[in-house]
Structure formats: C-alpha cells, structure tokens
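Please open the structure in a viewer and keep the selection tool at hand. The tour below goes from stop to stop, naming what to select and what is there.

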Amino acid sequence: MAYQPMVRAFAGVVAALAFGTAQAAPVTVDNCGTPLTFDKTPERMVVQDINMSEMAFALNLQDRMVGVSGISGWYKTTPEFDARRGSIPELAPKYPTIENLVAATPDLFFSGWYYGMKPGGDVTPETLAPHGIKTLILTESCVHLDKSRPAASMDLLFKDVERLGHIFGKDAEAAALVAGWKARLAEIKADMSDVSGKRVFLYDSGEDKPFTAGKFAMPTAMIEALGAVNITADMNTSWGTTSWEAVAAADPEFLLLLDYQAGGGAADLLALLKGHPVMQHTTAVRNEAWVALRYEEITPGPANIEAIAKMAEAMKAALH
C-alpha cells in the first residue's frame, strides 16, 4: 500500500534518532584549514593518545571506538581513564603503523601531527585515504604544517570537541560540555587577581636544553586563562626546545612540571632544576613554587579545565 514506504521511512528516522547519531545530510568540518566531509556518521574510530581519547569519552563515543594507540608506551593512566576505556584495545603502544590501523578497519583516525603522525611519515591523511580511512587532525598540531595559525587559546579544546560532536551527530552534547567548561573557567579566573602577570615556565623534559611549550601549545592558553604569562610564549612553535640561559634570564616565578613518564616524574625534574647552575637561582626554583601536571592535562582535552584549577590553587599558595 502507498503508506507503507512512509511508515518504513518514519520508523528509520525514529530508530536513527534513538541511536543518537542521525545525519540527514553530509557533515563538513574544518580540518587544519581544509574541509573534511562525512557522507555518513563514522562507525569505527581509532583515537591516538590519552587527551583525544578523553574528548571521545566525554561525548560517550566508546561504542564507536575500535581502538586507541599511543598510550602505554609513554604515559601513566588514571583509574578513571582505564574504566572509561574499558575493553577498547590498544593497537600500538606509541605511534601506530599503517598495518596496525588497516587491520582494525576504521573509517576514522583521530590524531595529529606529532600525535600519532609525522609530516612525510608512513601514517598521514594521504596514506590512509586509499584504505577508506579519514583523518581528523588535532587543531593544536596544525601549526606544524601552517605557521600562520593563530596563537593558542582555549578554543583549541572547545572547537575540537565541537567538531567531534558535529561529526557524530552530538552537537547538543558538545555545546553543553563547552558551556560548562567556560562557566568553570570564569569561576576559577574570578579568584585569581593576585597572580596576574606572574611569570610561568613549563618544564617537560630535557637536560642539555629544556623542552617546553611555545606560542601555539595548549599550556600557553591555560596559563593565560589565569592572567599569568608563559615566559616561552614567544617561541614560534607549539612544542620545542629553548636554552637554559633564556629561561633563567626571564626568572620564572612558578613552574609547571610534567609528571607523565614512568619513574620520578616531576620530582626528578625539580631535583634537576635545583642542581642546575643557572636555574637554581631563579625565583621559582628557590621558592619551590611548582605544580605537577600529567600529559592529558597539558595537551588539548577535557582534563585541561581542572588542571587550570589545580594550577590556580598551587599558584595562589606559592605566590602569596
């Protein structure tokens, strides 16, 4: 009968809406300045690194994740992360190979430059495309191919979550997350007037030269969200090395020490600074004014927000 196709179509729409990922038309998002279009909602996604996995978890996309990569080879995880990951397998402990990814038959790889991919490497959007795999690139990492990018801001987190939500038909959920994060940041900032302009140095690793966060890296946005200043924000990169002499000359008043590797982590970094011929004389080292942060807290991801709160409390206590 004539009404039967209409009934079937209506039932299909209801089922799709119940599943939560209906797409009435192709969806396009910006991908490092290039349009990335999806004719249908991805069904099988692989996600690189803890921070990007936590973006997916925040949108409850575990049912679409067929793998993660780049976690156990470098980082400590939290019980909360492990619980939310559940049985999702890790395809590679560090960077995945083409073979790792193709074997999982994903239709989407969420990664970035130096977050699972290297320019000119074996795994790139161009090498994955012939296998039917689209690549969503972490916005913070776009600067590695385009130096004209704007400086870091909290939009690095907000926009990436909104892009991910748009791809999977979860715009409302993404908008709610972003609104909540913005409200929380406003709450934190309201109580931070006494750290305005304070000089902050992030120490990730390195002995001959410190590896740190520059103009395009998430920690610069996090520090500026508190009204403080990243002393290496003039580095025209996201992550890179500088000289100890330049850091000491800027005389940081507060330290962010990375605590994601096995071993002593932040405590080892502080010990190195206290024994360093020039850094031991800086205000932050003399006063032991510092806070430890994990990898997922300083790369774009949901953990950024409470990491900023942690920074705020430590800075207020140390700089009074």
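**Before starting**

This is a predicted model, in which local features need pLDDT of at least 70 and side-chain atom pairs count only at pLDDT 80 or more, while totals for chains, interfaces and linings use all residues. Residues are numbered from 1 along each chain as its sequence is written, and side-chain values use heavy atoms, with hydrogens and water left out.

Helices (H or I, at least four residues) and strands (E, at least two) are DSSP runs, numbered from the N terminus.

**Stop 1: helices α6 and α7**

Select residues 155–167 for helix α6 and residues 171–189 for helix α7. Their axes come within 7 Å and cross at roughly 165°. Because of that angle, α6 is roughly antiparallel to α7. Axes here are lines fitted to C-alpha atoms, for helices over the stretch in contact, and angles run from 0 to 180 degrees between N-to-C directions. Angles under 35 degrees count as roughly parallel, over 145 as roughly antiparallel, 65 to 115 as roughly perpendicular and the rest as oblique.

The crossing of α6 and α7 is right-handed. A crossing is called right-handed if the near helix is turned clockwise from the far one by less than a right angle, and left-handed if anticlockwise.

Now show the side chains. On the α6 side, the residues in contact are Leu-157, Phe-158, Val-161, Glu-162, Gly-165 and His-166. They meet Asp-171, Ala-174, Leu-177, Val-178, Trp-181, Lys-182 and Leu-185 of α7. Contact means heavy atoms within 4.5 Å. Sorted by class, this contact has eight nonpolar, two polar and three charged residues. In this scheme Ala, Val, Leu, Ile, Met, Phe, Trp, Tyr, Cys and Pro count as nonpolar, Asp, Glu, Lys and Arg as charged, and the others, Gly among them, as polar.

**Stop 2: Gly-197**

Move to Gly-197, in the loop between α7 and β9. Gly-197 has a relative accessible area of 38%, so this residue is partly exposed. The cut-offs are under 20% relative accessible area for buried and over 50% for exposed, with partly exposed in between (1.4 Å probe, protein chains only).

Select Ala-228 as well: Gly-197 and Ala-228 are 31 residues apart in sequence, and their C-alpha atoms are 4.5 Å apart in space. Leaving aside neighbours within four places in sequence, Gly-197 is in contact with Gly-227, Ala-228, Val-229 and Glu-253.

**Stop 3**

How many of the eight residues of α8 are buried? Six are, and α8 is mostly covered. The buried ones are Met-218, Pro-219, Thr-220, Ala-221, Met-222 and Ile-223.

The contact is made by Met-218, Met-222, Ile-223 and Ala-225 of α8 with Asn-304, Ala-307, Ile-308 and Met-311 of α13. By class, seven of these residues are nonpolar, one is polar and none is charged.

**Stop 4: Thr-232**

Thr-232 sits in the loop between β11 (229–230) and β12 (239–241). Its relative accessibility is 4%, so Thr-232 counts as buried. Show its side chain, which reaches the backbone oxygen of Ala-213 at 2.6 Å. Not counting residues up to four places away in sequence, Thr-232 touches Phe-201, Thr-212, Ala-213, Gly-214, Lys-215 and Thr-242.

**Stop 5: Glu-207**

Is Glu-207 buried or exposed? Glu-207 is exposed, because its relative accessible area is 61%. The residue lies in the loop between β9 (199–203) and β10 (211–213). Setting aside neighbours within four places in sequence, Glu-207 is in contact with Trp-244 and Leu-272.

**Stop 6: Ser-111**

Select strand β6, residues 108–113, and pick out Ser-111. Ser-111 has a relative accessible area of 0% and is therefore buried. Beyond neighbours within four places in sequence, Ser-111 is in contact with Gln-48, Met-52, Met-117, Thr-135, Leu-136, Ile-137 and Leu-138.

**Last stop: Asn-60 and Glu-288**

Asn-60 is in the loop between α2 (49–58) and β4 (65–69). Its phi is near 55°, a positive value in a residue other than glycine. Glu-288, in the loop between α11 (283–287) and β14 (290–293), has a positive phi near 50°.

Key:
Polar contact = N/O pair within 3.5 Å; in protein donor to acceptor, adjacent residues only side chain to side chain.
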